[in-house]
Amino acid sequence: MPRPRRLTSALAADLAEGEVLTYASATAFRTLFAFIPAVLFVVALLGFLDLTPVWTVDLASNMRPTIGEPAFALVDGTVRQILATRQVFWLTVGLLLAVWQISSTVRVIADALNRIHGLEDERTMRQWLGTSIAVSVAVGLCLLVAAVSIYFGSQLAEWLFGPSLLASIAGLLVRGAIAVAAMLLAVALLLRYMPAER
């Protein structure tokens, strides 16, 4: 058999044996469920910190052309209501739901890594949940840092250096570097702490 075909065949066999596509689907499903309470928590936090212009000036104007007018009207109404009422519910329960859903995503990733490496997880339920919740909080913070750097890195550079070409270049470099570093840290945390063995 030619070498490219052998490689493709071996890769397909490994993917099937590790059930990688099944775990990828489960991870995507859990991530979607984690995204909603996480966004509602961030919106509630913006309201409590009196950062309403972040939505009205920065985020809403970028989102409106992307999702269309009917969907934007629904999202905008919900966000403005949470911002105006400063709902404690989404600041507390939203955070707990987001952490729980992210930790369930982290547990699916751990199962996939254990399956790929042929590991048996002998941690107790308490250790398992404790580790997954701690890692999920750290991963969530990494994702939040990456998102904030992408959206506000250029504004921060402009505030530091003034409106200039230097500020634009610095903003692009800084926000890209911070976002990549945060994402790599999230992956490193998952690989280091979630499998059954180091």
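Me: Is Gly94 buried or exposed?

Reply: This is a predicted model. Gly94 is found in helix 5. Its relative accessible area is 0%, and buried means under 20%, so Gly94 is buried.

Me: How far apart in space are Gly94 and Ile36, C-alpha to C-alpha?

Reply: In sequence, Gly94 and Ile36 are 58 residues apart. In space, their C-alpha to C-alpha distance is 8.8 Å.

Me: Are helix 2 and helix 5 roughly parallel or roughly antiparallel to each other?

Reply: The axes of helix 2 and helix 5 are 8 Å apart, and the two pack at an angle of about 160 degrees. Angles over 145 degrees count as roughly antiparallel. Helix 2 and helix 5 are therefore roughly antiparallel.

Me: Which hand does the crossing of helix 2 and helix 5 have, and how many charged residues are in their contact?

Reply: The crossing of helix 2 and helix 5 is left-handed. By class, their contact has 23 nonpolar and six polar residues. The charged residues in the contact of helix 2 with helix 5 number three.

Me: Which element gives the largest share of the lining of the largest pocket?

Reply: The largest pocket has a volume of about 1600 Å³. Of its 43 lining residues, those closest to its centre are Phe35, Ala38, Val39, Val42 and Leu144. Elements that give two or more residues to the lining include helix 2 (20-48) and helix 5 (88-117). The largest share, twelve residues, comes from helix 6.

Me: How many residues of the lining of the largest pocket are charged?

Reply: The lining of the largest pocket has 37 nonpolar residues and six polar ones. The number of charged residues in that lining is given as no charged.

Technical notes:
Residues numbered from 1 in each chain as written. Predicted model: local features only at pLDDT ≥ 70, side-chain atom pairs only at ≥ 80, totals over all residues. Heavy atoms only, no water. 1 Å grid on protein atoms, 1.4 Å probe; cavity = no way out; pocket = protein on both sides within 12 Å on 5 of 7 lines; lining within 4 Å. Points joined across faces, edges and corners; volume = space filled by probe spheres on them. Helix = DSSP H or I, 4+ residues; strand = E, 2+ residues; numbered from the N terminus. Nonpolar A, V, L, I, M, F, W, Y, C, P; charged D, E, K, R; others polar. Axes fitted to C-alpha atoms, helices over the stretch in contact; angles between N-to-C directions. Parallel < 35°, antiparallel > 145°, perpendicular 65-115°, else oblique. Left-handed = near helix turned anticlockwise from the far one by under 90°. Buried < 20%, exposed > 50% of the residue type's maximum accessible area, 1.4 Å probe, protein only.
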